[in-house]
Amino acid sequence: MTNGLAMKLTVIVGAHGQVVGTAHHVEGEEGSGAGGPIAGPGQSVLVIDVPDDAEAAGDVDGLYRALERIIRSGTPK
């Protein structure tokens, strides 16, 4: 957690629910340019509030496994 706020990630999810990429989610200001990860064919983009246990995973594989559990549970924000 940073400053009492949950970290938000933009997550690219494959057709079978697997995480294929992440990026820190940044709220844009109105009128600013848009950018960020783009889903490919059969993929989707989710913005997820990352819980402390997932944030503390220690490595990318652990983070992706934690994110996949969140996605399967249907609780992304």
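The accessible surface of the chain comes to about 5,200 Å², and carbon and sulfur atoms supply 52% of that. Keep in mind as you look around that this is a predicted model. Of the 77 residues in the chain, 25% count as buried.

Let's start with the overall layout. The chain has 2 helices and 3 strands, and reading from the N terminus the elements go β-β-β-α-α.

The 3 strands make an open sheet in the order β2-β1-β3, with antiparallel pairing. β2 and β3 sit at the edges with a single partner strand each, so one side of each has no neighbour in the sheet. From one strand to the next, the twist averages 30°. Helix α2 packs on this sheet and touches β1, β2 and β3, its direction making about 100° with that of β2.

β1 (residues 7-13) and β2 (residues 19-24) run antiparallel and are joined by 5 bridges. They form a hairpin with 5 residues between them, and in that turn Gly-17 has a positive phi of about 85°.

Leaving aside neighbours within four places in sequence, Val-11 is in contact with Val-19, Gly-21 and Thr-22, with Ser-44, Val-45, Leu-46 and Ile-48, and with Leu-67 and Ile-71.

α2 has 14 residues and reaches 20 Å from its first C-alpha to its last, close to the 20 Å expected at 1.5 Å a residue. Just after α2, Gly-74 takes a positive phi of about 80°. Which residues of α2 are buried? They are Gly-62, Leu-63, Ala-66, Leu-67, Glu-68, Ile-70 and Ile-71. The general rule to keep in mind for that pattern is that an α-helix has 3.6 residues a turn, so residues three or four places apart point the same way. The cover over the buried residues of α2 includes β1, β2, β3 (44-50) and α1 (52-55).

Tyr-64 also belongs to α2, which spans residues 60-73. Setting aside neighbours within four places in sequence, Tyr-64 is in contact with Val-19, Val-20, Gly-21 and Thr-22. Tyr-64 and Val-11 lie 53 residues apart in sequence, yet their C-alpha atoms are 9.5 Å apart in space.

In soluble globular proteins, nonpolar side chains tend to be buried together. Here the largest nonpolar core has 13 residues, and those touching the most other members are Leu-9, Val-11, Ile-48, Val-50, Leu-67 and Ile-71. The elements giving two or more residues to this core are β1, β3 and α2. And which element gives the largest share? That is α2, with 5 residues.

Conventions:
Residues numbered from 1 in each chain as written. Predicted model: local features only at pLDDT ≥ 70, side-chain atom pairs only at ≥ 80, totals over all residues. Heavy atoms only, no water. Pairing = 2+ DSSP bridges. Helix = DSSP H or I, 4+ residues; strand = E, 2+ residues; numbered from the N terminus. Contact = heavy atoms within 4.5 Å. Buried < 20%, exposed > 50% of the residue type's maximum accessible area, 1.4 Å probe, protein only. Areas by Shrake-Rupley, 256 points an atom, 1.4 Å probe, with all protein chains shown as cover. Expected span 1.5 Å × (residues − 1). Axes fitted to C-alpha atoms, helices over the stretch in contact; angles between N-to-C directions. Core = buried A, V, L, I, M, F, W, Y, C linked by side-chain atoms within 4.5 Å.
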